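Here is a short briefing on one protein structure. Please keep the sequence and the model open while reading the notes below.

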Amino acid sequence: MNLEMLTSTLDFFSPFCAFERPDHSPRLTNSSLAQLEILCKQLYESTDTTTRLQAEKALVEFTNSPDCLSKCQLLLERGSSSYSQLLAATCLSKLVSRTSNPLPLEQRIDIRNYVLNYLATRPKLAAFVTQALIQLYARITKLGWFDCQKEDYVFRNVIADVTRFLQDSVEHCIIGVTILSQLTNEINQADTTHPLTKHRKIASSFRDSSLFDIFTLSCNLLKQASGKNLNLNDESQHGLLMQLLKLAHNCLNFDFIGTSTDESSDDLCTVQIPTSWRSAFLDSSTLQLFFDLYHSIPPSLSPLVLSCLVQIASVRRSLFNNAERAKFLSHLVDGVKRILENPQSLSDPNNYHEFCRLLARLKSNYQLGELVKVENYPEVIRLIANFTVTSLQHWEFAPNSVHYLLSLWQRLAASVPYVKATEPHLLETYTPEVTKAYITSRLESIHIILRDGLEDPLDDTGLVQQQLDQLSTIGRCEYEKTCALLVQLFDQSAQSYQELLQSTNSSAMDIAVQEGRLTWLHRRAGRHGWRACLSGAAVDELDRLAPGPGGNEKLELAMLSFFEQFRKIYIGDQVQKSSKLYRRLSEVLGLNDETMVLSVFIGKIITNLNSVRKLVKLSAVQFMLNNHTSEHFSFLGVNNQSNLSEMRCRTTFYTALGRLLMVDLGEDEDQFEQFMLPLTAAFEAVAQMFSTNTFNEQEAKRTLVGLVRDLRGIAFAFNAKTSFMMLFDWIYPTYMPILQRAIELWYHVPACTTPVLKLMAELVHNRSQRLQFDVSSPNGILLFRETSKMITTYGNRILTLGEVPKDQVYALKLKGVSICFSMLKAVLSGNYVPSIGCASDYPKLSQSYYSLLEVLTQGHMTFIASLEPHVIMYILSSISEGLTALDTMVCTGCCSSLDHIVTYLFKQLSRSTKKRAAPIGQESDRFLHIMQQHPEMIQQMLSTVLNIIIFEDCRNQWSMSRPLLGLILLNEKYFADLRNSIVNSQPPEKQQAMHLCFENLMEGIERNLLTKNRDRFTQNLSVFRREVNDSMKNSTYGVNSNDMMS
């Protein structure tokens, strides 16, 4: 059937028009067509990489060819391969989406009509071809939503476009529904190639004009489908129902108010249904429709139904009044009850997950006081509790869904103190059951996980912490029952563990199971308070049974986590020392106050760090400060079997030691020297190695890397000037050459250079103003010189590496370069390098100077214009410098001064160009001459102001806007070049959006500096800044602000 015959059979579509005019339509020969189809098949089917790449290259040339549009039309008409049809549809989507050189309106209308025609006459295309064509239709419709032809919005008749599809065969119905579903989804998604404001305008217009009609249509069609005995074993009828459910879900999932809700915050989502939709939700048949569908369709489709119910359950509370909300909630709870009474379909993981989400929404969107007033609440809460317990007991089934169940119970338990209703909430009955089910199921799972080698949930620390936080709230609803359960389980596990360790024939599996149980209980107790573990067995387990180095790492981490939680709650200045807790601690453990408790914690930490206790007469802290050597802490030794990267823990260790040392260090240089003796010995050892021609390079590397990691920890801890100066005097100048030598030798070994560079970056970081040298001290300049030397040494050395494999370029080059950048930033911004005095060094002087300048430029420009040229240039340069000042008062004053100067200059230029201009004074004439001789000064300030507005956190945007208009009008050609530079520096797909931003900036702006014109420009600038920021947010590369300043 030829094209003319196809068109004549479809009188409900607009007449077909060719994409291109006949005189521009190239011939697509049979051989060319065949070659294209072969290339498409190679691209999508070939397993040979070379063949596929060659085909891709050839097809890219096809898509970029100037006659691609007409060739796509011919390819759709004459192509026999599904892959060639897909290529044509994809190319057309690219063409209609481009922002530069967009297609004319008439061509886009022709393509839209042709696509509808094509789909209507070929309802049994390959699924991916149909999807691509529907995507093309949706894209054309969205981008042309505001396009008019003879006062008619030609792309808005979407329901009319698909009506005939819906009145034809099942295949046609599927296409029609898919068109509406894809269009809704397309309009709901922001397009990064177009401004966000345009997207929101289109989405809002679509929401107000079409979305409710589409949702109503989907519900009506679903009602018709549910009223018929559909044969869901038939693939086409099954597909139609699935597309209808997707359409309803897309409507309910629409971003109604432009919030762009993050999917990760699923449990906090509220559906902002428009008020005009009230009738659909006040009618209980809408809610009932989806519950009836859930029970009547197969499990493969019911997850979509539950997803719709999740959205319906989340409609904003303000859509109803109190009586309407209560009625709606009653119907919702009845539907949930019916599902719980017939849970067969919940064995499907997808159904189970969506139903858990639905349960969570019951409390996230409704108050406990409202839930308890529902007629069947006692029965429903019982069913939910049983469902939760069963779910927790089957921990291996859909573990990602447990979050929603715990979220429901957490919110219910947290609401108990605020319930004012007289009806019983019954949570005191069911929350202990939920808590017990969670704890016991996790303990019982340990043996199965170890036996079968399954993934350990404890490895996902984020998930475990989240669930335990939720459970801690649930457990507090009946705190005594939870504590009793934990104490009982803790005693049993501790006793069993003790017996296994004392037995000679215990299996490793049994010991591992008990360690796993104790790990879970420690994690749980840490989230629930100390009271759960105050028993004799717990004390024994804490002190005697805890494994030392080489023991169970997860149990060690759990115990440390437990200590940390206890410290947060019960140790500190705000804690009541006479609390019941410390009385109980005294009775059971003999720990009378927080000092004794902290001693236990420190002892445990020392046990972990030290293979043999050395604490005989010295306290734990003093022992660490006086004995931080490999003899007592084995991980500080040089182990030839270990990897260099494994020494990272030493930085943390020495940070802790440094902070402890600082407590009583003061100005005691002897104590500091004593503490540094092990590090001094290490430096001397490295220096000795470097002094010989032959030395053990691996030993030298390990010694140096460990040493610089230790020093970095100390430097990080020493925030006070006194202590940091001790460290600086110790390392400079004696040991700095050793660091420089290490960079020269091992520049190609990142495991060595990275720790050295990081140490240097820490030493030059003026944190808490610790690097404050005396005025007469050269140390600031010397430190800067050493830093420069290290950066240049490292930079010159890595340039000799030549080409580096792509997968190694970051490790070998870029990581070190990034540290050098941080180092350079720190040394330049540290303010410890003496510089030539200037006003900006003295804030009070700066404020006085710029305030005077503001007054002079405001009312005495004639005087300023009479000054010597070098004085005028100095004033302008100081204003240019002040525009970037951190002091907002200074910056604002500079903007005002610049505005007065620019306004004066603009007025004088305007007068000089008028035919009947009044004579210009000698001073003004000279001022104009100076500005014409040095245009770069004004241009530089234009770049500076625009750069601040676009790229920086501009706190005085209004002040910046006032001189900017004058600067633009005085330098229109320079501004045009600057604008083009910014636009061209954007990714190709964002250039049109950036160009439009600049067009909108100057829209309606006249060539004058009248107040009305200035105010309009200020308003335009606010919109400009917001749109530019939105446009650049998702850009992989943006404007280089330095290019603007050059």
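Lys337 and Glu341 share helix α15 and sit four residues apart, about one turn of the helix. Helices and strands here are DSSP runs numbered from the N terminus (helices are H or I with at least four residues, strands are E with at least two). The model is predicted: local features need pLDDT of at least 70, side-chain atom pairs count only at pLDDT 80 or more, and totals for chains, interfaces and linings use all residues. Residues are numbered from 1 along each chain as its sequence is written, and side-chain values use heavy atoms, with hydrogens and water left out.

**Salt bridges**

- How many salt bridges does the count come to? The count is 21, where a salt bridge is a side-chain nitrogen of Lys or Arg within 4 Å of a carboxyl oxygen of Asp or Glu.
- Asp292 belongs to helix α13 (residues 284-296) and Arg338 to helix α15 (residues 322-341), so the pair ties together parts that are 46 residues apart in sequence.
- Asp292 is partly exposed at 34% relative accessibility. Arg338 is partly exposed too, with a relative accessible area of 33%. The classes are buried (under 20% relative accessible area), exposed (over 50%) and partly exposed (in between), with a 1.4 Å probe and protein chains only.
- Lys337 bridges to Glu341, and their closest N and O atoms are 2.7 Å apart. Lys337 counts as buried at 17% relative accessibility. Glu341 counts as partly exposed at 40%.
- Glu354 and Arg357 meet in a salt bridge of 2.7 Å, N to O. The two lie three residues apart in helix α16 (residues 349-364), so about one helical turn separates them. Both Glu354 and Arg357 are buried.

**Negative surface patch**

- Which residues form the negative surface patch? The patch consists of Glu667, Asp668, Glu669, Asp670, Glu673 and Asp729.
- Patch residues have over 30% relative accessible area and no salt bridge; like charges are joined within 9 Å, and nonpolar side chains (Val, Leu, Ile, Met, Phe, Trp, Tyr) within 5 Å.
- Asp and Glu count as negative, Lys and Arg as positive, while His and the chain ends are not counted. The place of a charge is CG of Asp, CD of Glu, NZ of Lys or CZ of Arg.
- Accessible areas come from the Shrake-Rupley method with a 1.4 Å probe; for residues, only the protein chains shown count as cover.
- Helix α30 (residues 669-675) gives the largest share of the negative patch, three residues.
- Glu667 sits in the loop between α29 (649-665) and α30. Glu667 is exposed, with a relative accessible area of 67%.

**Polar contacts in helices**

- Ser209 lies in helix α10 (residues 196-227) and is partly exposed at 37% relative accessible area.
- The side chains of Ser209 and Ser210 make a polar contact of 3.3 Å. A polar contact is a pair of N or O atoms within 3.5 Å; within protein, one must be able to donate a hydrogen and the other to accept it, and residues adjacent in sequence count only if both atoms are side-chain atoms.
- Ser209 and Arg156 are 53 residues apart in sequence, and their C-alpha atoms are 8.8 Å apart in space.
- Thr440 lies in helix α20 (residues 427-452) and counts as buried at 19% relative accessibility. A polar atom of the Thr440 side chain is 2.6 Å from the backbone oxygen of Lys436.

**Backbone geometry**

- Most residues other than glycine have a negative phi, and most peptide bonds are trans.
- Lys150 has a positive phi, near 55 degrees. Lys150 is in the loop between β1 (148-149) and β2 (152-153) and is exposed, with a relative accessible area of 80%.
- Gln769 also has a positive phi, near 55 degrees. Gln769 is in the loop between α35 (750-763) and α36 (779-798). At 48% relative accessibility, Gln769 is partly exposed.
- Is the peptide bond from Tyr732 to Pro733 cis or trans? The bond is cis, with omega near 5 degrees. Pro733 lies in the loop between α33 (721-731) and α34 (736-746).
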